[in-house]
Amino acid sequence: MGNPSLLPYETIVRVTSGDPEAVDGVLRHYSKRIRIAAIENGHIDRDTEDSIKQRLVATLFKFRFDEQEV
Amino acid sequence: MPCTEAYREHIMYTFNGYCKTVIRFVAINAWRDRSRRRQKEISLEYLTEEKFYPLGTTDEYFEAPYEEYPVTICGQTVILTNGKLAAALLSLPEKNWEIIFLYFFGHYTQQEIGKMYGRCRSTTGYQIRRTLQLLHKEMEVLSHGESEPFAL
């Protein structure tokens, strides 16, 4: 498959069905991006990092394969 | 069949975008909350060092104990901590102190006190009321610096 920086399709399917291992994989996959987003005044803000992770996990289950239903 | 290669790739890209968007907006929200909080909060160091707000008080009961006014009533020494009350009490006849003391602290009934002094119950009740009124008046006089003659 074309882009190696994307999560494989199977993982996405497992995440949306609530597989904790897959969710962990997603967090690991985006950990660098999360840390960059949580940077404040040149250092990583722990609280922000945690809240982003928390929010990301919560929203992962809202991801829908819209096209499938059409 | 929607599960083609193109569809999979589309989902992968969509999911990637979805996650990136979530991360970005949560970060923005966190940043906004922080800056809002910073506007409203005043740091504790600023208050203590710049404004000298006292963060605590020390109790003064033990440092400056009340002045004590020992008064002897019915053979017992009562220590009063209120100077005005002691002065007012001393300005009244001794019999009135005794009645007050017996009634309020000795837990005697008005009847028993009446018997001790050879009076009936209602007289004792009147005397107690009267003494309290006089005490009240006397304390007011003391605190306002005026003096009025009064009669029992």
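Tutor: Before we look at packing, take one definition: two residues are in contact if their C-beta atoms, placed from the backbone, lie within 7 Å. This is a predicted model, in which local features need pLDDT of at least 70 and side-chain atom pairs count only at pLDDT 80 or more, while totals for chains, interfaces and linings use all residues. Residues are numbered from 1 along each chain as its sequence is written, and chains are lettered from A and ligands numbered from 1 in the order in which they are written.

Student: Which elements of chain A do the buried residues of helix 1 of chain B pack against?

Tutor: A residue is buried if 20 or more other C-beta atoms lie within 10 Å of its own, exposed if 12 or fewer, and partly exposed in between; helices (H or I, at least four residues) and strands (E, at least two) are DSSP runs, numbered from the N terminus. Here, the buried residues of helix 1 of chain B pack against helix 1, helix 2, helix 3 and helix 4 of chain A, and among these buried residues are B:Phe15, B:Cys19, B:Val22, B:Ile23 and B:Val26.

Student: Why do residues three or four places apart point the same way in an α-helix?

Tutor: An α-helix has 3.6 residues a turn, so residues at that spacing point the same way.

Student: Which residues touch the most other members of the largest nonpolar core?

Tutor: A nonpolar core is a set of buried Ala, Val, Leu, Ile, Met, Phe, Trp, Tyr and Cys residues joined through C-beta atoms within 7 Å. The largest has 20 residues, of which A:Ile52, B:Cys19, B:Ile23 and B:Ala27 touch the most other members, and helix 1 of chain B gives the most to this core, with nine residues. Leaving out residues up to four places away in sequence, B:Cys19 touches A:Val26, A:Tyr30 and A:Leu56.

Student: How many residues of each chain are in contact with the other chain?

Tutor: There are 22 residues of chain A in contact with 18 residues of chain B, and helix 4 of chain A supplies the largest share of chain A's side, six residues.

Student: What do the buried residues of helix 4 of chain B pack against?

Tutor: Those residues, B:Ile99, B:Ile100, B:Leu102 and B:Tyr103, pack against helix 5 (110-117) and helix 6 (121-144) of chain B.
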